[in-house]
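Please read this short report with the sequence and the 3D structure open beside it.

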Amino acid sequence: MTADGAADQAATWFGGCYGAEPEGVWHAPGRVNLIGEHTDYNEGFVLPFALSQGVRAAASRRGDGLLELRSRQAPDEPATMPLSRLVPGSVTGWAAYPAGAAWALTEAGLAIGGASIAIDADLERGAALSSSAALECATALALTELHGLSVPRPELAELARRAENEFAGIPTGIMDQSASLLCQAGHALLLDCRSGESSDVPFDLPAAGLVLLVVDTRVRHALADGRYAARRRACEEAARVLGVRALRDVTDDPGALDRIADPVLRRRARHVVTENRRVLATVRLLRAGDIAGCGPLLSASHRSLRDDFDISWPQADAAVDAAVSAGALGARMTGGGFGGSAIALVPVDRTDGMASTVRAAFAEARYREPEIRGAQPSTGAERVS
Ligand code: GLA
């Protein structure tokens with residue numbers, strides 16, 4: 001669907017819910033993380049890009065202080081509550097993310113008022129493409145712009161993250177909300193998760209004759225199930241053992257990790273330390289115009305996530321192996337792990353062959369049929385109508 005078509009569809013859904021036209025429609029994209037996994041909460045580096053798919057929030061102000069939420073993807077789960085009564089834990093399910101965004105804005109002292117919001121999305125939930133961050137960001141942008149507030153994007157990303165961490169109760173880092181709000185078309189976003197500094201890194205796939213395929217393995221992950229939090233705790237423990245503020249601080253000394261006696265903790269830390277290096281190496285190659293050269297770094301990232309960080313899953317490993325055997329330059333799981341999607345960097349002329357090889361591998365292993373599509377680095381969140 002075109003961007004205009006998607007905006008119209010959201011406006012029509014709003015009309016069906018509230019019997020009026022929305023004052024505006026805001027789009028916030030999902031993301032693919034090219035490289036830099038589980039580095040954000042270790043104050044390291046990430047390199048995501050925005051997808052063309054995302055979440056639309058069609059919205060209008062209302063004068064009674066109520067926040068009314070509807071989702072076309074969950075029509076049977078509407079939610080209405082006074083803005084003034086929002087507290088963490090007071091809303092559950094899909095509505096916790098937009099309600100959390102409203103809560104975070106009010107907590108920050110921003111004078112938003114009530115609103116009616118109708119959500120529409122073309123982003124699968126649980127595919128590790130940041131549907132929840134897109135939901136938070138679309139809502140946060142809609143609420144601020146509706147009420148005439150201009151909040152710098154990095155600050156808005158922080159508030160959207162508070163929605164996720166404190167309101168929905170999921171201890172993620174800052175990557176997904178930053179990607180959704182800051183990315184530029186044709187570029188990936190290098191984000192230093194310690195300083196908050198970011199820069200756009202050229203990522204022109206068509207010019208390089210390459211395609212980035214996203215393989216949704218159809219295994220659903222939930223960051224809320226505790227394993228993500230367990231990895232985060234392990235990283236914090238490793239940093240404590242090493243006497244550093246965060247694993248970001250472990251850089252040049254190759255023997256540094258030997259000071260971690262526990263072998264599992266050592267492997268967890270090794271992933272983060274080596275992954276930060278891979279992000280910076282990828283950025284150097286992209287800035288030199290060598291996208292193809294990034295392939296081996298993607299594959300090395302996957303091995304590290306599989307063997308050291310232990311968050312891959314059989315379908316992701318199968319997708320990566322099949323992709324590489326069919327001529328992908330590199331492939332890896334993407335996102336928080338334990339389910340969701342893998343990505344593969346593929347020469348244009350190998351795309352069809354690679355997709356059929358992955359499908360055949362899944363069929364042979366009796367896995368659910370994967371969904372495979374190309375991703376284009378797209379623009380960050382914006383008003384679309
Ligand atoms: C999820 C989280 C991010 C990040 C990734 C792993 O997407 O929301 O903050 O930690 O997992 O890189």
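The lining of the largest pocket has 18 nonpolar, 14 polar and seven charged residues. Here Ala, Val, Leu, Ile, Met, Phe, Trp, Tyr, Cys and Pro count as nonpolar, Asp, Glu, Lys and Arg as charged, and the others, Gly among them, as polar. The model is predicted: local features need pLDDT of at least 70 and side-chain atom pairs pLDDT 80 or more, while totals for chains, interfaces and linings use all residues. Residues are numbered from 1 along each chain as its sequence is written, and side-chain values use heavy atoms, with hydrogens and water left out.

Of the 39 lining residues of this pocket, Tyr97, Gly126, Ser131, Ser132 and His221 lie nearest its centre. At least two lining residues come from each of β5 (114–121), α3 (131–146) and α5 (175–182). The largest share, four residues, is supplied by α3. Helices (H or I, at least four residues) and strands (E, at least two) are DSSP runs, numbered from the N terminus.

The search for spaces finds one cavity of 30 Å³ or more in the whole structure. Trp13, Arg70, Ser71, Ala74, Pro75, Glu77 and Pro78 line the largest cavity.

| Space | Volume | Lining by class |
|---|---|---|
| Largest pocket | about 680 Å³ | 18 nonpolar, 14 polar, seven charged |
| Largest cavity | about 30 Å³ | four nonpolar, one polar, two charged |

On a 1 Å grid over the protein atoms alone, a 1.4 Å probe fits in a cavity but cannot get out, whereas a pocket is an open set of points with protein on both sides within 12 Å along at least five of seven lines; lining residues have an atom within 4 Å of a point. Points are joined across faces, edges and corners, and a volume is the space filled by probe spheres set on them.

The axes of α7 (residues 263–287) and α8 (residues 295–308) come within 10 Å and cross at roughly 170 degrees. The two helices, α7 and α8, are therefore roughly antiparallel (over 145 degrees). Axes are lines fitted to C-alpha atoms over the stretch in contact, and angles run from 0 to 180 degrees between N-to-C directions. By class, the contact (heavy atoms within 4.5 Å) of α7 with α8 has five nonpolar, five polar and seven charged residues.

Definitions and conventions
Parallel < 35°, antiparallel > 145°, perpendicular 65-115°, else oblique.
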